[in-house]
Structures are given as C-alpha cells and as structure tokens.
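Me: Hey, can you walk me through this one? I'm new to it.
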Amino acid sequence: MRIFLDTANIEQIRQGAKLGVVGGVTTNPSLMMKEGLADYEAAVKEICSIIAGPVSVEVVSEEPAEMLKQARKMAKWAPNVIIKIPATLAGLEVTSTLAKEKIKVNLTLCFSLNQAILGATAGAAFISPFVGRLDDIGHNGMELVEDIVTVYDYYNYATEVIAASIRHPQHCIAAAKAGAHIATVPYSVLIQMMQHPLTDNGVARFMADWKSAAQKSKK
Ligand code: G3P
C-alpha cells in the first residue's frame with residue numbers, strides 16, 4: 001500500500017518527503033483554506049515541486065461546464081496534477097469527459113459501492129471512499145473499502161482505491177488489510193504510524209547500556 005499525505009501544509013509535505021515514504025498528496029478546498037493559501041495555483045505548483053507522485057487538486061463548482069473549465073486549467077499546472085471531482089451525477093459526466101481527454105481524475109466524496117462502480121466505469125484513475133466520515137455516522141467505513149477492492153478485482157478495473165478520511169493508525173492497518181492501493185493520511189497519523197513506546201524504551205535502554213559499558217571500560 002502506498003502512502004499519500006492528506007494535507008495542503010507545505011512544511012508537513014516537506015517533512016513527509018524527507019522520510020521518503022510519501023508517494024503523493026491529496027488536497028481539498030477545506031485543507032487549502034485551512035492553510036490560508038489564497039493563491040491556489042502557486043500552492044499546487046509548490047506541492048508538485050516537492051512530491052513527484054500524484055497531487056490531487058479539487059474543482060470548486062457543481063456545474064459540469066465550470067468543473068470542466070477548472071479541471072482543464074488545473075491539469076496544466078504540473079504533470080502530476082490529478083483532478084478531484086465529487087461523486088455526483090455532474091461529477092460523473094465530467095469524469096467521463098476528462099478520462100477521454102486523458103486527464104486523470106480522483107473521484108472523491110465516495111460513500112457507496114455504486115458510486116465506485118460508476119466512477120471506475122467512467123474511467124476515474126482513483127476512487128476515494130471517505131472512511132472516517134462513514135464511521136462518524138455509525139457505518140463501518142472500511143467495509144466500503146473492502147467491497148470496492150473486491151469488486152474492482154473481479155472486473156479488473158484499473159481505478160486505484162485511495163482509503164481517505166483516515167483518522168488514526170488503526171485505519172491505516174485496516175486499509176492495508178482490505179487491499180487499498182493507497183491510504184491518504186494526515187501528517188499526524190503518518191508520524192503515529194511509526195511510533196511505538198517499546199521502540200523508544202528499547203533505544204533508551206541500548207543507549208544507557210552502551211554509555212555505562214563505555215564508562216566501565218575507561219576505569
Ligand atoms: O481525504 C479526504 C479528507 O481530506 C477528508 O478527511 O477528516 O475531513 O473527513 P476528513
């Protein structure tokens with residue numbers, strides 16, 4: 001499973017890139033606004049200069065003609081830009097058109113298997129089931145990821161599954177077990193994925209033993 005960062009924070013993207021495990025970035029209008037990035041284009045270009053893999057950028061319209069206009073413009077910002085389109089009827093129409101133009105789409109705000117089937121049929125490069133938001137309303141978000149992976153496997157769909165709206169490290173483990181191609185995670189979750197108290201204790205004990213042995217050998 002590949003790991004993408006779900007953030008528009010440039011410093012977090014730089015830090016993540018240093019770890020060498022971040023294969024892409026996903027943004028959305030809320031994440032962009034959180035960072036106060038008024039110049040959307042400049043921010044996306046900067047992210048694309050840090051991360052070579054797919055960088056998802058979302059259109060901000062509900063009307064097909066305007067979505068298409070924005071998508072075609074955004075797709076020219078950098079070769080690794082992926083256009084995030086919401087899983088609505090208008091979004092499906094736009095996805096089909098963009099796919100024919102070889103512009104890669106990440107169909108976002110996916111909450112059902114039917115949306116995922118139609119998205120793959122329309123030619124979306126990625127589908128983003130929102131796990132955390134389904135959990136929030138009492139569903140099991142990861143079951144949707146499992147179902148999409150199973151059905152895509154049956155029919156050899158090329159669409160890659162991005163487990164999105166990831167809230168904690170257990171979601172990452174479940175996404176990997178479900179066979180998601182990608183998990184897009186907040187920076188805080190990426191850090192938590194690597195942390196373990198027994199590792200920290202082990203390192204501290206090794207360091208202490210090393211120092212005490214070195215002191216004894218000096219005597
Ligand atoms: O990748 C989707 C993500 O940005 C939404 O996450 O936590 O707002 O549901 P969240």
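Me: Which residues are around the ligand?
Reply: Around the ligand you'll find Asp6, Asn28, Leu31, Phe130, Arg133, Ala164, Ser165, Arg167 and Thr184, each with a heavy atom within 4 Å of it. This is a predicted model, where local features need pLDDT of at least 70, side-chain atom pairs count only at pLDDT 80 or more, and totals for chains, interfaces and linings use all residues. Residues are numbered from 1 along each chain as its sequence is written, and side-chain values use heavy atoms, leaving out hydrogens and water.
Me: Which polar side-chain atoms lie by an oxygen atom of the ligand?
Reply: One from Ser165 lies 2.7 Å from a ligand oxygen, and one from Asp6 lies 2.8 Å from a ligand oxygen. Both are polar contacts, meaning N or O pairs within 3.5 Å.
Me: And how much of the ligand does the protein bury?
Reply: 81% of the 310 Å² that the ligand exposes when taken alone, by the Shrake-Rupley method with a 1.4 Å probe.
Me: New topic: how many aromatic pairs are there?
Reply: Five, counting Phe, Tyr and Trp (six-membered) rings with centres within 6.5 Å; planes under 30 degrees apart are stacked, over 60 edge-to-face, the rest tilted. The rings of Phe111 and Phe130 have centres 5.7 Å apart and planes at 70 degrees, so that pair is edge-to-face.

Conventions:
Polar contact = N/O pair within 3.5 Å; in protein donor to acceptor, adjacent residues only side chain to side chain.
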